[in-house]
Amino acid sequence: MDRLRGWPATMAEGPVGLRPLRLRDVRDWRDTRLRNAEWLRPWEPSNPETPLFRTGLGPYVSMVGTLRREARQGMAMPWVVTYEGRFAGQLTVGAIVWGSARSAQVGYWVDGALAGRGIIPTALAMAVDHCFFTTGLHRLEANIRPENQASRRVVEKLGFREEGIRRRQLHIDGAWRDHICYALTVEDVPRGLLVQWRRTMNSAARRSESSPG
């Protein structure tokens with residue numbers, strides 16, 4: 001597949017938005033990553049031969065170039081996550097396989113100062129629906145370290161099912177780490193994942209309003 005159906009794509013749900021990653025995001029991306037270095041380091045894929053966080057702009061420019069090339073080749077969808085119009089993190093659908101698989105892997109991170117506001121679950125629900133109902137993928141995976149409880153809660157709240165351990169799958173924070181595979185297929189969300197997530201959020205809001213005190 002030479003070109004991704006529905007890419008580039010921009011979308012929003014309330015204050016949460018997704019838009020394609022661009023070169024002029026470089027300073028926001030670098031500043032956010034540096035400010036969140038300790039927050040992200042235990043969970044971020046790393047190259048065994050290079051540091052994860054560097055102060056230069058070169059690593060970002062290289063990453064954007066690679067992701068743009070993969071997007072042109074139908075292999076990735078790199079998004080910036082925004083909150084109230086401001087840079088808040090990143091969500092990338094990558095390792096896209098076509099043919100009889102039509103599958104991909106999703107990864108994400110958010111500014112620690114904005115954690116707990118439902119930003120990533122909302123962004124992921126939008127991305128999943130776009131992948132399934134616009135791009136035409138059939139299966140999405142999220143592979144998460146067992147210790148990363150916050151990230152696991154994101155996919156569990158959205159209904160991704162746990163499919164087992166992948167031993168020493170990725171190099172993270174200085175070593176090869178095990179990951180839990182979570183997955184979702186289009187049959188799991190026939191009416192869309194965002195619809196399900198809205199219901200979950202509305203139900204939680206009603207419970208909060210009815211709670212005493």
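Student: Which residues of helix α1 are buried?

Tutor: The model is a predicted one. Helix α1 covers residues 26-35. The cover over its buried residues includes α2 (37-40), α3 (58-72), β4 (86-97) and β5 (103-110). The buried residues of α1 are V26, W29, R30, T32 and R33.

Student: Which element gives the most to the lining of the second largest pocket?

Tutor: This pocket has a volume of about 260 Å³. Two or more lining residues come from each of β2 (16-20) and α3. With three residues, the element that gives the most is α3.

Student: How many charged residues are in the lining of the second largest pocket?

Tutor: The lining consists of 13 residues, and those nearest the pocket centre are W7, P8, P20, R68 and A71. By class, seven of the lining residues are nonpolar and none is polar. The number of charged residues is six.

Student: Is T122 buried or exposed?

Tutor: T122 belongs to helix α4, residues 119-135. Beyond its neighbours within four places in sequence, T122 has contacts with E13, V16, L194 and W197. The cut-off for a buried residue is under 20% relative accessible area. Because its relative accessibility is 7%, T122 counts as buried.

Student: Which residue has its backbone oxygen 2.8 Å from a polar atom of the T122 side chain?

Tutor: A polar contact requires a pair of N or O atoms within 3.5 Å. Here the T122 side chain supplies one polar atom, and a backbone oxygen lies 2.8 Å away. The residue that carries this backbone oxygen is G118.

How values were computed. Residues are numbered from 1 along each chain as its sequence is written. This is a predicted model: local features need pLDDT of at least 70, side-chain atom pairs count only at pLDDT 80 or more; totals for chains, interfaces and linings use all residues. Side-chain values use heavy atoms; hydrogens and water are left out. Buried means under 20% relative accessible area, exposed over 50%, partly exposed in between (1.4 Å probe, protein chains only). Helices (H or I, at least four residues) and strands (E, at least two) are DSSP runs, numbered from the N terminus. Contact means heavy atoms within 4.5 Å. On a 1 Å grid over the protein atoms alone, a cavity is a set of points where a 1.4 Å probe fits but cannot get out, and a pocket is an open set with protein on both sides within 12 Å along at least five of seven lines; lining residues have an atom within 4 Å of a point. Grid points are joined across faces, edges and corners, and a volume is the space filled by probe spheres set on the points. Ala, Val, Leu, Ile, Met, Phe, Trp, Tyr, Cys and Pro count as nonpolar, Asp, Glu, Lys and Arg as charged, and the others, Gly among them, as polar. A polar contact is a pair of N or O atoms within 3.5 Å; within protein, one must be able to donate a hydrogen and the other to accept it, and residues adjacent in sequence count only if both atoms are side-chain atoms.
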